[in-house]
Amino acid sequence: MTAPIILASSSSIRAALLRQAQVPFDVSVPRIDEPAIRAALSVDGASPRDMADALAEMKASRVSQRHPGRLVLGCDQILALGPRVFSKAESLPELRAQLCDLRGQTHSLFSAVVACEDGRPLWRQVREARLTMRDLSDDWLDAYLDRNGSALLDSVGGYRIEEEGIRLFSRIEGDYFTILGLPLLDLLNWLTIRGTLTT
């Protein structure tokens, strides 16, 4: 590989997944107004799947234009409960309200990754996972938030299935890596077929 790929994401989880898979990469965080773009996509009637895909492409394309000749990965994840799309909570009280809305329900996580080079998309993948949350008591939710604190604000939905957050769920359908925010197996397969990675 002539140069490491660029991860257009500030996510520590996505970076850890690539590092653990021994994929060399650099990080360049895209500068986009994500809430405004989500709102515009929503007004245009974009589905949660299409919203994740569009945001991932926008991030990859923006960073790719600043790094000619480099392969750039943009990622996004959308949590949807029916037609309602959730954003990352900005405070623990806001997160508590979101978890109260999600408990006892089945919601979807759409994780998208788009690879761009010289500003144009070369490959994309969007995966869906469906998660059924237990009908958690108020006391348990309060204790969960107290134990885990502001670290939960790093992830949409406020849970980390690789940690105590797995206890929130009674059923999960979908790929583990999709839930963490990166369709890793699809990405590794494509990078290998392309010759970016060797096996």
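This is a predicted model: local features need pLDDT of at least 70, side-chain atom pairs count only at pLDDT 80 or more; totals for chains, interfaces and linings use all residues.
1. R38 and E34 form a salt bridge in which the closest N and O atoms are 3.2 Å apart. R38 is buried, at a relative accessible area of 14%, whereas E34 is partly exposed, at 22%.

2. A salt bridge joins the side chains of D53 and R124, at 3.0 Å from N to O. D53 lies in helix α3 (residues 48–66) and R124 in strand β6 (residues 120–133), so this contact ties together parts that are 71 residues apart in sequence. D53 has a relative accessibility of 17% and counts as buried because the cut-off for that class is under 20%. R124 counts as partly exposed, with 34%.

3. R124 takes part in a salt bridge with E57 as well, and here the closest N and O atoms are 2.3 Å apart. This pair again links distant parts of the chain, with E57 in helix α3 and R124 in strand β6, 67 residues apart. E57 is partly exposed, at 28% relative accessibility.

4. In total, the count for the model comes to 19 salt bridges. The pairs discussed above are among them, including R38 with E34, D53 with R124 and E57 with R124.

Definitions and conventions:
Residues are numbered from 1 along each chain as its sequence is written. Side-chain values use heavy atoms; hydrogens and water are left out. A salt bridge is a side-chain nitrogen of Lys or Arg within 4 Å of a carboxyl oxygen of Asp or Glu. Buried means under 20% relative accessible area, exposed over 50%, partly exposed in between (1.4 Å probe, protein chains only). Helices (H or I, at least four residues) and strands (E, at least two) are DSSP runs, numbered from the N terminus.
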